[in-house]
Amino acid sequence: METNEYKFFISDCKKAIEKNNDIDVSFNIDDISLKNFKSYSYAKKKAANLRQKYINNIDELLVLFDKNFSEKGNEINWAIEYDTLIEDILKLLREKKIKEVNIFENKFVEELGLVKNLKQEDINISSESKKCVIFEPKYAISQTGSLFLDFKSALEMDFVMEAELKIFILPINNILKSIEDIELLSQLYSINKNKTDYLSLTTIYTPKINNENNVELFIVDNGRTNLLELKEHRKALTCIDCDACKKVCPIYLMIGDEPYNNVFSGPIANVILPFLETVDGCKHLSFNCILCGNCVKVCPMNIPITDLIIANRNIFFENRNMDFNERYKVKVLKKYLIDRKKLSNKIWKKELLMKFLVKRKLTIPRPLPVFSKSTFSQIKSQK
Ligand code: SF4
């Protein structure tokens, strides 16, 4: 893979490994999950099925949410891409003559890079302002037209709830059907993210009728429909951003966040970034995995991360997103791996092939695995 993005990624990985980042590797939630659930695996299955069902019916849920939210006299601003969103927000701020904004950066707001863009437009970012607040709700609830808000502190809660103009920004996939869904998902999130039983400061916010238009909600796609279009990849949209997969990923524990240069990092980033950003800019991430399956075991949404990474590799191969050399190597390896006779070849032949196909391309030189003198079938037939 010869893209510039790949070269930068590899160079940043090397730097991160040399720095020997002190990444927290402790991930043991057995005690707390036992305390909270009779069967943790049943709870995971229930939550994963629920989220999957909602993602499969996302169009219906969004229409229902729109209807119930609009009934309260508020309007939803839909944005497909980031550019439309930023234009709409700037237009709104201009109309309301707002020159100062208080932004609470959660993951999606960070993904959109709003702070940078507002600063470029001479909007003052002030953490003290209650004039206009930009905040990311955790979920939209379609049956009631409400927003589920999760705050990091009482001060944050105070700023958001008291703000003269509240601008909420939400990615399209964070939609639930009913208020009852929140408890299980929040519990799984807080256990995996912070090893705590519950989210401490939350509220369900339903804007009132005639509240002088002080609530603006933006629901943004920003590449999510690229994942929705692929049946297998939809599952990735059920991610609740708990970071459990990162904490058990042997690659992430070596390189950390930096080489990703993105708000997403770790195993789920390897799956989704080629679709949220560009295939050419991010395809190398899908090869940044040794398929150990640790992430799949811990994911509370049962997302088959390693299967999706393999699916990505297939897509890139089939769509010719990989360069000629890479495709050639895959073809040769495939030819060998599915042919019993070739697999039983003399050791020197197999070593030569590995040297030619793999060793020369290793980023960090290391010895290749040694081939056994006999294959399993040969050993078995000798017995
Ligand atoms: S992929 Fe699973 S484990 Fe990783 S952040 Fe998302 S929900 Fe958590």
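1. The largest nonpolar core holds 78 residues. Within this core, A236, I268, I272 and I305 have the most contacts. Helix 13, residues 267-276, gives the most to the core, with 7 residues. Domain 1 (4-27 + 248-318) and domain 2 (63-225) both supply residues, so the core lies between them. Keep in mind that this is a predicted model.

2. I305 deserves a look of its own. Leaving out residues up to four places away in sequence, I305 touches C245, P267, I268, V271, C295, V296 and C299. One of these partners, I268, is itself among the residues with the most contacts inside the core.

3. Next, the ligand. The shell around the ligand has 13 residues, and C239, C242, A244, C245 and C299 come nearest. By class, the shell has 11 nonpolar residues, 2 charged and no polar ones.

4. The domain assignment gives three entries for the protein chain: domain 1 (4-27 + 248-318), domain 2 (63-225) and domain 3 (340-382). Domain 1 is written as two segments, 4-27 and 248-318.

5. How many residues of domain 1 are in contact with domain 2? There are 4, and they meet 7 residues of domain 2. On the domain 1 side, the touching residues are 4 nonpolar, with no polar and no charged residues. Taken over C-alpha atoms, the centres of domain 1 and domain 2 are 28 Å apart.

6. Four strands form an open sheet, in the order 8-5-6-9, with mixed pairing. Which strands sit at the edges? They are strand 8 (175-176) and strand 9 (201-205), and each pairs on one side only.

7. Inside that order, strand 5 (residues 139-141) pairs with strand 6 (residues 146-151). The sense is antiparallel, over 3 bridges. A140 stands opposite L147 in strand 6.

8. Overall make-up: the protein chain has 20 helices and 10 strands. Its C-alpha trace spans about 85 × 50 × 40 Å along the principal axes.

9. The protein chain has 383 residues, of which 31% count as buried. Take the contacts in the chain with a separation of 6 or more: residues 24 or more positions apart account for 76% of them.

Conventions: Residues are numbered from 1 along each chain as its sequence is written. This is a predicted model: local features need pLDDT of at least 70, side-chain atom pairs count only at pLDDT 80 or more; totals for chains, interfaces and linings use all residues. Domain bounds come from an automatic or database domain assignment. Two residues are in contact if their C-beta atoms, placed from the backbone, lie within 7 Å. Ala, Val, Leu, Ile, Met, Phe, Trp, Tyr, Cys and Pro count as nonpolar, Asp, Glu, Lys and Arg as charged, and the others, Gly among them, as polar. A nonpolar core is a set of buried Ala, Val, Leu, Ile, Met, Phe, Trp, Tyr and Cys residues joined through C-beta atoms within 7 Å. A residue is buried if 20 or more other C-beta atoms lie within 10 Å of its own, exposed if 12 or fewer, and partly exposed in between; C-beta atoms are placed from the backbone. Helices (H or I, at least four residues) and strands (E, at least two) are DSSP runs, numbered from the N terminus. Two strands pair if DSSP finds at least two bridges between them. A residue is near a molecule or strand if its C-beta atom, placed from the backbone, lies within 6 Å of it.
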